[in-house]
Amino acid sequence: MTMLAPRVTIVMPARNAAGTIDAAIASVIAQTVADWELIVIDDASTDDTASCIAALAANDPRIRPLSGPGKGAAEARNLCIAAGRGQWLAFLDADDWWEPDFLGTLIAALDGQPAGAIAYCGYRRVMPDGSMGPATVDPRVARAPFAAFALPCPVTIHTLLLDLQQVRAAGGFDTTLVTCEDWDLWQRLSRAGAPWVMVDRPLAYYRASAGSLTRASHRMMQDGRVVLARAYGPDPRVADPLPEHANGLSVNYEGQSLAEVYAWFALWNRVVARIDGDTAPWDDAALAPLTRSVDWNNAIAASILNAAMVGLRLTLADMAAHWGRLAPAVRDAVSAVTGAWQAPDAYYRLIGAVEDQVLRESHADPQPRVLDTTMRLHVPIETPPHTALPDGVDRILAVFTQQGRPIATRLVGALGDLGPADWHRIIGMTVPLPRTARAALRARPVDTALRVSRSLIRQAARRPSTVLSSTGLRAASRQAFADARLGHLSTLAASPHRARIDHLRTRAAAAAGAIEVAPVAAPRLAAPPEEERSGDRKGFWDRYFETDDPWNYGSPYEQEKYARQADMLPTGPIGTALELACAEGFFTRYLAPRVDRLISTDIAEKAVERAAARNADRDNIDWRTLDLSADPLPQGMDLIVCSEVLYYLSDVAELAAVARRLGDALAPGGAILTAHAYVLTDDPASTGFDWGNPYGAKQIAETFAATPGLVLEESFQTELYRIDRFKKTADPVEPVVRRGDIDAPIEDAVGRAIVWGGATMRRSTALATERTTRLPVLMYHGVAPDGPSGLARWRHTPDAFRQQLRWLRANGYHGLTSDQVQWHLATRTPFWGRPVWITFDDGYQDFADHAWPILRAHDFPAEMFIVTGAIGRSAEWDAALGTPPALMEAATITALAAEGVAFGSHLHTHRAADLLASDALGTELADSAAILERLTGRRPISLAAPFMAPDARLGALSAEFGYSLAFVARTGVAGLGDPPLDLPRLEVEGGVPLDQFAAMMEAARS
């Protein structure tokens, strides 16, 4: 009688597995798919394994016993493969087991897939005490199989279902490999193009045991090197590889070379070996290619702990309680890695990452746990404890609890023993407490201080126009907190932690006091904002001209415009001329020599007085005060000049009335000369000034052209303004229109109001109509015409930067400062309009040379994060990428601060925060703040971590040194709900096309 072939062949090698094989086979018998055969091969066991197999086979004909030669798992499995009769092939070791629907689920996943597809699922590691590790499944295998198997093996053998004939055709397992033989086979199948299908469920269980081959570390190192090397070159064993895999990889999809991948494998094995008691010297040079980057720090720590989980047969949640068993292997691995890097300062970073992962995984454990540099402590917010630091510990993973229930976990940098007041302050700064928890703190002195401080902010929220333009809020808020602390928190000063902070701040302030500060010229007094005009027109302009030269008429831009107006005067003799709005008489100097008699007027008496003084050498000028819209005009004029004044009439109707009045005041054949700028109100799609005026040059020209008796005779037009001469005549005139460029530099006060190329959204419109809780914070570094290619990612050309700011301006964005952002976050007030916060890291001199002039010209503020210990030097941290850029001098920082640049801290030495012990980090925070306050006259409130190195201590510790806004390592769009001490930013990389920049900003708004 012919037996029907089963659907699935299951292969189970067994050697001395009498204690576990019954459970493994029971999980096969329990499968929901019953159409299988189980080939169990006893590979020269010396215990009762063979009799166990025989007994089970006697009761189930699907179980087929075989005997093996004792030459290892590879040969044993190959014998079973040769004997198999099923379509599908699965592997289960004698100490592992499956969920009942393992076969059914994986078969279903392969239904409808191409021939040769392989299914795999997740698994969980089971410890001797029955505890389980997390579910593990690697999606990279399904995305890019061959590349995935060019890494240390990402699957376990008992999670697979594959085609039996496919495995036979591939040659089965390589029997020259004692370990890693399964990894080698999956690599060959993937090179040949086998697709992999992932089932994202943990359907398989892997029993951690002392005899597991995964713990034969030295042999795994030898075999793993062979398997990895095969992935990075051709493999003649694969008869028909995919063309793209024929010659193997040069680097994997993460850009890692063979040496880098092997380093990860070596690290894992080193930990397992050390836990097994192997103290023989290792090839530490093999670890050197491990990526030394903050981005890989946690991955290295996770690899160490994954190996420890195998070696110790403990779950991660149990490791804190068994740190004494784990610590020697961890210290050895961390020392080996940092030694291979020749970076001893990275030891603190890496050991901290390991400890953080261990302690966070077991955060529910109420027992205090002390590791090497970190302790975990449950801190009741109702009664926070006095906390003594054990020797060597300067980090506390605080699990804050309310009524015994964990509500938040924070990493705290400790500079000494902490008292209850310290804990209350840390809670107030970092923990978003529920209402009931805040009620529990109301009686605490520190909370009183916080509430007094915040009440000032809330009061100021009712006066946003004053808050957003002053630093008074910050000063008052800090003073309230300081007063409350001095009056009520005597215990705060008593704690060693607080005493050390105060000492560092005092020392830093004393040292900074010795720095010589360059004198800065007093800024030119500004005239009142034109937006404050009221119905009392004359009163406003009288107040306006209390400021000398309010529009900087002597600037090259204005003088060039005056010269062009003079060129537009009528040719030939001019009898009597009327100058309206002479301001301070700058154009009068051009006009008076060209006319016989000049009546020069202005609505403001002080303007007329200064104009007369400026033209005291002319005896043909009659000076008068005159309101051009309301007062009688002199009649019979040969020429009337009105420059930059007609915008200030109330509306188009008044403009039309004034145009008729001026036409009536002209003698026949007389001329009116006007000069005005283009305003977005007239034509938002074209370059213009974003002023609040009801119209601009375009409307003025159209109104005069429509005035009876006036015709356009000549026009000179630039991108920003036009100068028109109208003639009083009844005869038709063919106007002469000329166009020209603006050759003179445009001063900042003028340029800030220009929107080049037009606006799709005016700032004023956005501010009036839009509210948002989202704030894009842009991170830049350098703006320079050229530089080292290695620094291109962090450098923008001035033209590219200018185009980005023009886009922002044209789309209605306005810039915020740290003071304004702090106010919005503290009051939870949505942002008006379309806000953007532009920040720069490092303090390159090219910011002063190129970036700041462009920012000012487009009316955007900026925040510069300075490395205070490198002021006046070069950015040596960039040396590996090319010639380090020069950094700003102290005098430059002082001057820029006077011009409106805000300065924050980039720490004192540009070292990554997570490389620094807490006391050293506190020293950096104190030194940086003191130096910046000395140079700018303003204590910094913002901080950005160098290298975006993630360090959970930094936010709370920076707040204890006076900072209130911090960027640590998060990327993304900031919002009102973000913690102020851990805000995200968006890096703007050099070379990004303008359309991508625009797309990023549009996405940030949505």
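Student: How many of the 10 residues of helix α30 (residues 818–827) are buried?
Tutor: Buried means under 20% relative accessible area, exposed over 50%, and partly exposed in between, with a 1.4 Å probe and protein chains only. Helices are DSSP runs of H or I with at least four residues, strands are runs of E with at least two, and both are numbered from the N terminus. In α30, the buried residues include S818, W823 and T827. Helix α30 is largely enclosed by the rest of the structure, because the number of its 10 residues that are buried is nine.

Student: On what kind of model do these values rest?
Tutor: Residues are numbered from 1 along each chain as its sequence is written, and side-chain values use heavy atoms, leaving out hydrogens and water. Local features need pLDDT of at least 70, side-chain atom pairs count only at pLDDT 80 or more, and totals for chains, interfaces and linings use all residues, since the model is predicted.

Student: Which residue follows α30, and what is its phi?
Tutor: Helix α30 covers residues 818–827. It is followed by R828, whose phi is positive, near 55°.

Student: What is the radius of gyration of the chain?
Tutor: The radius of gyration is taken over C-alpha atoms, and the globule rule is 2.2 Å times the number of residues to the power 0.38. The C-alpha trace spans about 130 × 70 × 50 Å along its principal axes. For 1006 residues, a compact globule would have a radius near 30 Å, but the chain has 39 Å.

Student: What share of the chain's residues count as buried?
Tutor: The chain contains 35 helices and 36 strands. Of its 1006 residues, the share that count as buried is 55%.

Student: How far is the sulfur of C153 from the nearest cysteine sulfur?
Tutor: A disulfide is a pair of cysteine sulfur atoms within 2.5 Å, and the structure holds zero of them. C52 is in no disulfide, with the nearest cysteine sulfur, that of C80, 17 Å away. C153 is likewise in no disulfide; its nearest cysteine sulfur belongs to C180, at 8.2 Å.

Student: Is C153 buried or partly exposed, and at what relative accessible area?
Tutor: C52 counts as buried because its relative accessibility is 18%. C153, by contrast, is partly exposed, because its relative accessible area is 27%.

Student: Which residues does Q565 contact, leaving aside neighbours within four places in sequence?
Tutor: Q565 is placed in helix α22 (residues 556–567) and is buried, with a relative accessible area of 1%. Contact means heavy atoms within 4.5 Å. Leaving aside those neighbours, the contacts of Q565 are F587, S643, L673, A675 and I723.

Student: Which residues does K698 touch, not counting those up to four places away in sequence?
Tutor: K698 belongs to helix α26 (residues 697–705) and is partly exposed, with a relative accessible area of 33%. Its C-alpha atom is separated by 9.9 Å from that of L680, 18 residues apart along the chain. With residues up to four places away not counted, K698 touches Y678, D682 and D683.

Student: How far apart in space are H424 and A14, C-alpha to C-alpha?
Tutor: H424 lies in helix α14 (residues 420–430) and counts as buried at 6% relative accessibility. H424 and A14 are 410 residues apart in sequence, and their C-alpha to C-alpha distance in space is 59 Å.
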